[in-house]
Amino acid sequence: MHELPVTESILEISLRHATAAGAKQITDVYLVIGQLASIVDDSVQFYWDIVSKDTPAEGAKLHFRRIPTELLCLDCNIRYKPAPMEMGCPTCDGVHVKVIAGEEFYLESIQVED
Amino acid sequence: MSARLPVVEKILGANERLAAINRARLDAAGVYSLNFMASPGAGKTSLIEHTVKRLAGQLNIAVIDGDIATSIDADRAAAAGATAVQINTGGECHLDAAMLQDALLQMDLSNIHLLIVENVGNLVCPASFPLGTHHSVLIASTPEGDDKPYKYPGMYRGVDALIINKIDLLPYISFEMDYFRQGVELLNPGLVTLSLSCRTGEGLDAWLDWVKARVSAARNPSPES
């Protein structure tokens with residue numbers, strides 16, 4: 001669990017962009033997080049309410065867009081979304097895979113008011 | 001007036017930038033570095049002790065130990081003959097690049113050939129925070145169970161070498177090596193994997209050879225390597 005440093009980083013990035021745009025208040029923060037990133041949404045929101053207090057981001061709502069894991073089988077070239085605890089190809093049982101999606105971990109945009 | 005500002009910035013980008021600074025500092029000092037990650041009790045500190053003792057006279061080794069509290073691990077590394085610095089994270093479950101930066105400032109890196117950073121015992125969080133070390137080594141141990149690659153894919157996917165420690169216990173526990181290795185192969189095809197026992201010493205020579213070869217390659221880069 002490392003939601004606190006993650007949340008502090010989200011706040012730092014949000015405030016930096018809002019300040020640069022001359023905005024007074026951040027109302028919404030839009031995050032894109034892959035399924036493979038081990039982050040718990042509720043924990044981030046919990047820490048957010050604490051770390052954003054008395055900043056222009058206080059009260060802002062966090063929006064999480066989760067990206068499901070998607071793998072490419074390098075043996076039969078099929079793209080698939082694996083079941084939990086499964087990674088191998090459901091079509092050919094191949095074990096050579098490449099991650100196509102699910103590792104995303106970025107702040108996409110913020111909604112601000114001046 | 002309300003407006004939507006595009007940001008598109010990696011949430012842990014600041015850590016990655018500091019990691020790059022750490023790498024540059026290590027490169028400038030001619031130090032090859034490893035990040036040891038494992039669950040608590042897998043044998044990180046034991047492997048460090050054996051590595052430091054067995055390579056004494058061949059390599060000057062420094063150790064940075066990350067723990068939530070105490071300096072037990074740094075004391076063990078120092079007793080084995082290493083230059084050691086302890087980082088107490090005060091509750092954080094992993095080391096990050098800023099902590100390593102602080103620790104590097106406390107060390108005289110001249111004459112050091114190899115730096116081993118012992119991360120906090122944890123199979124989840126350390127994988128998300130690169131430190132700037134040259135390679136990451138995961139130390140698995142057989143009593144943890146053969147399902148760990150499947151349960152901690154983020155950790156197994158991100159490492160450059162895997163140690164399977166405590167192989168002397170294999171006759172006494174249920175650990176299906178084939179099942180374990182299949183999970184590893186799925187997540188990290190072709191991963192360098194070395195089996196050993198810190199207790200009996202079996203397999204340690206192959207590990208020490210790997211370390212020496214990596215240090216040598218880092219200090220004397222050739223066009224072929």
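User: In β1(B), which residue is the bridge partner of S109(A)?

Analyst: This is a predicted model, in which local features need pLDDT of at least 70, side-chain atom pairs count only at pLDDT 80 or more, and totals for chains, interfaces and linings use all residues. Residues are numbered from 1 along each chain as its sequence is written, while chains are lettered from A and ligands numbered from 1 in the order in which they are written. Strands (E, at least two residues) and helices (H or I, at least four) are DSSP runs numbered from the N terminus, and two strands pair if DSSP finds at least two bridges between them. In β1(B), the partner of S109(A) is P6(B).

User: How many bridges join β6(A) to β1(B)?

Analyst: The strand of chain B concerned, β1(B), covers residues 2-10, and β6(A) runs antiparallel to it. The number of bridges joining them is seven.

User: Which element gives the most to the side of chain A that touches chain B?

Analyst: Counting two residues as in contact if their C-beta atoms, placed from the backbone, lie within 7 Å, the contact takes 27 residues from chain A and 27 residues from chain B. On the side of chain A, the elements giving two or more residues are α1 (3-20) and β6 (105-113). The element that gives the most, with nine residues, is β6(A).

User: Are α1(B) and α4(B) roughly parallel or roughly antiparallel to each other?

Analyst: Axes are lines fitted to C-alpha atoms, for helices over the stretch in contact, with angles from 0 to 180 degrees between N-to-C directions. The axes of α1(B), residues 13-29, and α4(B), residues 97-105, come within 8 Å and cross at roughly 30 degrees. Angles under 35 degrees count as roughly parallel, over 145 as roughly antiparallel, 65 to 115 as roughly perpendicular and the rest as oblique. The two helices, α1(B) and α4(B), are therefore roughly parallel.

User: Which strands stand at the edges of the open sheet in chain B?

Analyst: This sheet has seven strands in the order β4-β3-β5-β2-β6-β7-β8, with parallel pairing. Two of its strands each have a single partner, so one side of each is left without a neighbour in the sheet. These edge strands of chain B are β4 (83-88) and β8 (192-195).

User: Which residue of β5(B) is the bridge partner of I61(B)?

Analyst: β3(B), residues 61-67, and β5(B), residues 114-118, pair in the parallel sense over five bridges. Helix α3(B), residues 72-79, lies across β3, β4 and β5 of chain B, running at about 165 degrees to β3(B). In β5(B), the partner of I61(B) is L114(B).
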